[in-house]
Amino acid sequence: MIRIKYSVLVTASGLSPVGIDTLLSLRGHVKKLVGVDISNDNAATYFCDTFYTVPLAKDKRYVRALLKICRKEKIDVVLPLTIEECFKLLEVKNEFENFGITIASDNDLPTMKTCYDKWLTNQYLASRRVPVPRAFSPVSINELVENIEMLGYPHRDVVFKPRLTHGSRGFRIISSRSDAFNLLIERKPTENIY
């Protein structure tokens, strides 16, 4: 077994499956494995050497709390697992580096923000001649309706996705061909993307 001589702190370690899978993949391979999350009511507490609760990344106490834990546990590397934590930690990267703590991210803040924002990603790819679907970024319900019609609705299905969301949250297919009864009665709530 290869053992890395680093102490690693994993943020959002209770996040399932990514947090737990990350802990399991590092367990036994690092000098020390520390997990943090907003609650200790999760399985992460069983898979790391030490576990702490911390505020959300948007809380002004987050950075100070994390830095305090890192210094106490002699952490070498922080591995952020949520986009919010990654943004916050990249903003204050120097504060951690002053104590010899590395934030595990090869990206800079502008790159991360472009990748997280579906509209900015679409524009970035289009500017580099990568084929992308025709898209709009409406700022009102009226614009949304106009844009959907410009994309061919009701004759064509239209995909809707908010610019800033996690995973498949907010993903919907707007279709005039969907069967309302089937959607209401037959499908599971998790299958209802129309």
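The second largest pocket holds about 430 Å³ of space. Of its 18 lining residues, the closest to the centre are A12, L56, T82, E84 and H166. Helix α3, residues 83-91, gives the most to this lining, with 3 residues.

A word on terms. This is a predicted model: local features need pLDDT of at least 70, side-chain atom pairs count only at pLDDT 80 or more, and totals for chains, interfaces and linings use all residues. Residues are numbered from 1 along each chain as its sequence is written, and side-chain values use heavy atoms, with hydrogens and water left out. A pocket is an open set of points on a 1 Å grid over the protein atoms alone, where a 1.4 Å probe fits, with protein on both sides within 12 Å along at least five of seven lines; lining residues have an atom within 4 Å of a point. Volume is the space filled by probe spheres set on the points. Helices (H or I, at least four residues) and strands (E, at least two) are DSSP runs, numbered from the N terminus.

Now the largest pocket. About 640 Å³ lies there. It has 25 lining residues, and A135, F136, V159, F160 and K161 are the closest to its centre. The largest share of that lining, 5 residues, comes from α7.

On to strand β2, residues 30-37. Strand β1, residues 4-10, pairs with β2 in the parallel sense over 5 bridges; pairing takes at least two DSSP bridges. V8 stands opposite L33 in β2. On β3, F51 stands opposite G35.
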